Amino acid sequence: MLIFVITYKEQRMDIAPLASWPIQIDHPIIIAGPCSAETPEQVMQTALELGKSTKVNLFRSGIWKPRTRPGSFQGIGEPALEWLVEAGKASGIPTTTEVANAQHVEACLKAGVDVLWIGARTTVNPFSVQEIADALKGVDIPVIIKNPINPDLQLWIGAVERFLNNGLNKLMVMHRGFSSPNPGIYRNAPMWEIPIELKALHPDLPIICDPSHITGKRELLLDVAQKAMDLGMHGLMIETHPTPEKAWSDARQQVTPERFVELVDHLQLRTENVDQTSSAHLSGLRARIDDIDTHIIQLLKDRMELITEIGEYKKDHGLTILQLERWKEILETRSALAKKLGLQEDFVRRYLETVHKASIKEQSRIMNEGQEDQVMWS
Ligand code: PEP
Ligand code: MN
């Protein structure tokens, strides 16, 4: 896949096409700007303040806002495109906005927006994604594809493929969390395993994290942004507003440009590239992990052999597979031990449940051995 490289030229990002492997991103891609463009002054003020930091690579502003309920602020629409582009020029930061249909694409291309993104409510709809990909056929512009609102990795990958199929290869994806009945403390459940799986399947696709829409609260931004860096994500998009609490949309999650710069300065940056000195140490630790995993698997095999014997005993003595008292005792004793050792209790509980499930499956196999014949005769 043709991918593009982000380099720092005179300290500011240059987006240059490059047919290279692997991708080279030597610094997180930082995107900042208001949730929505509200007034020309608000857009310009945010951009100029962000422009003081060379760490900001892209200036964002929502022009068309997909809102859950009608009646809330739906964005200024096309007139605000000019404010965005002007603010980009004045601050020297390339611009980006969300497009949800072919008309948005046309207006953005006409206005000269540098990068487009596809929102979570659009990625979810293959017809809309295809419409946008078709409108961009033959256009050389970077596109960022947010995850769909529902935790469906295939749908996300499908959206990426629709752009690739139309010859768009300057692609990035953005992790903004997933709608969930149990998002925990977050607005959208991060479900980190999904972007991690995407990264494993497509190591060439840069992944940006959007802590603003994951957390929904500014006080949680730093933790989520750091976690994204710890997981080797390639950048961050964080909503910034000169007066966040007065913002017309997403007031609870926006931060001032000053606070934003502080946040970025606080981040511990990580690299996946292991240098020579740390590699010997890391290899040593990994060798020990390999050893421990081998032991654990051997022990699981020994445990399963005992389960087979127990299954046979229960079968011979007409006992049920599930012995509730014994299962409770296992949960209690092992959880207590995990607690004493300082292990995460929910992790140990999930392990026990998995082992128990496999054990029941094995005992059911034993109990029902030869039963097929009896069914046929009955
Ligand atoms: C946004 O970035 O302003 C936005 C609407 O995000 P999402 O599509 O992730 O909800
Ligand atoms: Mn927003």
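Rings of Phe, Tyr and Trp (for Trp, the six-membered ring) form an aromatic pair if their centres lie within 6.5 Å; planes under 30 degrees apart count as stacked, over 60 as edge-to-face and the rest as tilted. A search of the whole structure finds 2 aromatic pairs. The structure is a predicted model, in which local features need pLDDT of at least 70, side-chain atom pairs count only at pLDDT 80 or more, and totals for chains, interfaces and linings use all residues. Residues are numbered from 1 along each chain as its sequence is written, chains are lettered from A and ligands numbered from 1 in the order in which they are written, and side-chain values use heavy atoms, with hydrogens and water left out.

**Aromatic pairs**

- Phe73 and Trp248 are edge-to-face, at 5.1 Å centre to centre and with 85° between the planes.
- Phe73 lies in the loop between strand 4 (58-60) and helix 2 (79-91) and Trp248 in the loop between strand 10 and helix 10, so this pair ties together parts that are 175 residues apart in sequence. Helices (H or I, at least four residues) and strands (E, at least two) are DSSP runs, numbered from the N terminus.
- Trp248 has a relative accessible area of 43% and is therefore partly exposed. The classes are buried for under 20% relative accessible area, exposed for over 50%, and partly exposed in between (1.4 Å probe, protein chains only).
- Trp156 and Phe178 have ring centres 6.5 Å apart and planes at 75°, so this pair is edge-to-face.
- Trp156 is in helix 6 and Phe178 in the loop between strand 8 and helix 7, so the pair links distant parts of the chain, 22 residues apart.
- Trp156 counts as buried because its relative accessibility is 0%, and Phe178 is buried with a relative accessible area of 0%.

**The manganese site**

- The manganese ion (ligand 2) is coordinated by Cys35 (SG), His213 (NE2), Glu239 (OE) and Asp250 (OD), at 2.0 to 2.4 Å. Donors are N, O and S atoms within 2.8 Å of the metal (3.2 Å for Na, K and Ca); water is not among the atoms, so sites may look incomplete.
- The spacing of these donor residues in sequence is C-x177-H-x25-E-x10-D.
- His213 in helix 8 (residues 211-215) and Asp250 in the loop between strand 10 (235-239) and helix 10 (257-266) are 37 residues apart, and the pair links distant parts of the chain.
- His213 is buried, with a relative accessible area of 9%, and Asp250 counts as buried at 16% relative accessibility.

**Positive phi angles**

- Most residues other than glycine have a negative phi.
- Asp250 has a positive phi of about 50° although it is not a glycine.
- Met191, also not a glycine, has a positive phi of about 40°. Met191 is found in the loop between strand 8 and helix 7, and at 27% relative accessibility it counts as partly exposed.

**Two helices**

- In helix 7 (residues 193-201), the residues Ile194, Pro195, Leu198 and Lys199 are buried.
- They cover an arc of only 140° around the axis, so they are on the same side of helix 7. The arc is that of the directions from the helix axis to the C-beta atoms.
- The buried residues of helix 7 pack against helix 6 (153-165), strand 8 (171-175) and strand 9 (207-209).
- Thr308 lies in helix 11 (residues 276-316) and counts as buried at 19% relative accessibility.
- Leaving aside neighbours within four places in sequence, Thr308 is in contact (heavy atoms within 4.5 Å) with Glu362, Arg365 and Ile366.
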